[in-house]
Amino acid sequence: MTLKEDTEFEISAPPPAVSPEAESHNPVVRAVSAPKTSSASDPPGQCAVGGTWGKLKYAGDTTKIIACLGCLCCGPLACCVFCCPQDELDAYKVENKVYNAAGVLVIGSTGSFTPVRQTMSR
């Protein structure tokens with residue numbers, strides 16, 4: 001076995017170790033923008049100010065699936081599930097009119113609107 005004399009080796013040192021005490025002396029500061037907070041009266045779209053946010057119950061896909069499965073088991077009696085809809089969406093009520101989160105008027109649903117109490121997050 002012969003060694004070639006033309007072979008070049010590159011020697012490098014390992015990176016220097018940094019102690020935890022040294023890291024604490026050089027803190028990294030990152031700028032983070034605060035999330036936009038919305039108050040209880042921030043209206044969606046072009047709605048009037050002064051309303052309340054809440055949940056609106058409606059007969060959507062989940063309610064319809066429950067009714068169809070119930071019809072297979074109980075017959076037409078399962079259509080009573082439409083009296084207690086299972087679907088919810090965020091809604092805004094002002095001047096006895098209910099709007100969805102996009103600001104579109106929801107017709108015929110003022111009775112199923114439930115105001116939501118605002119909680120502070122930490």
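What percentage of the 122 residues in the protein is buried? Buried residues make up 18% of them, where buried means under 20% relative accessible area, exposed means over 50%, and partly exposed lies in between (1.4 Å probe, protein chains only).

This is a predicted model, in which local features need pLDDT of at least 70 and side-chain atom pairs count only at pLDDT 80 or more, while totals for chains, interfaces and linings use all residues. Residues are numbered from 1 along each chain as its sequence is written, and side-chain values use heavy atoms, with hydrogens and water left out.

**Figure 1. Overview of the helices and strands.** The protein has 2 helices and 5 strands; these are DSSP runs numbered from the N terminus, with helices being H or I of at least four residues and strands being E of at least two. Along the sequence they follow the pattern α-β-α-β-β-β-β.

Figure 2. The 5 strands form an open sheet with antiparallel pairing, in the order β4-β3-β2-β1-β5. Because β4 and β5 (113-115) stand at the edges with a single partner strand each, one side of each is left without a neighbour in the sheet. Two strands count as paired if DSSP finds at least two bridges between them. In general, strands of a sheet pair through backbone hydrogen bonds, either parallel or antiparallel.

**Figure 3. The hairpin of β2 and β3.** Strand β2 (residues 87-94) pairs with strand β3 (residues 97-100) in the antiparallel sense over 4 bridges. Within this pair, Tyr-92 stands opposite Tyr-99. The hairpin has 2 residues between its strands, and Glu-95 in the turn has a positive phi of about 55 degrees.

**Figure 4. The hairpin of β3 and β4.** Strand β4 (residues 105-106) pairs with β3 in the antiparallel sense over 2 bridges. Tyr-99 stands opposite Leu-105 in β4. Here 4 residues lie between the strands, and Gly-103 takes a positive phi near 95 degrees.

**Figure 5. The pairing of β1 with β5.** Strand β1 (residues 52-58) and β5 pair in the antiparallel sense over 3 bridges. The bridge partner of Lys-55 in β5 is Thr-114.

**Figure 6. A nonpolar surface patch.** Ile-65, Leu-69 and Leu-72 make a nonpolar surface patch of about 340 Å². Such patches are made of residues with over 30% relative accessible area and no salt bridge, nonpolar side chains (Val, Leu, Ile, Met, Phe, Trp, Tyr) being joined within 5 Å and like charges within 9 Å. A salt bridge is a side-chain nitrogen of Lys or Arg within 4 Å of a carboxyl oxygen of Asp or Glu. Accessible areas come from the Shrake-Rupley method with a 1.4 Å probe; for residues, only the protein chains shown count as cover. Leu-72 lies in helix α2 (residues 61-74) and is exposed, with a relative accessible area of 71%.
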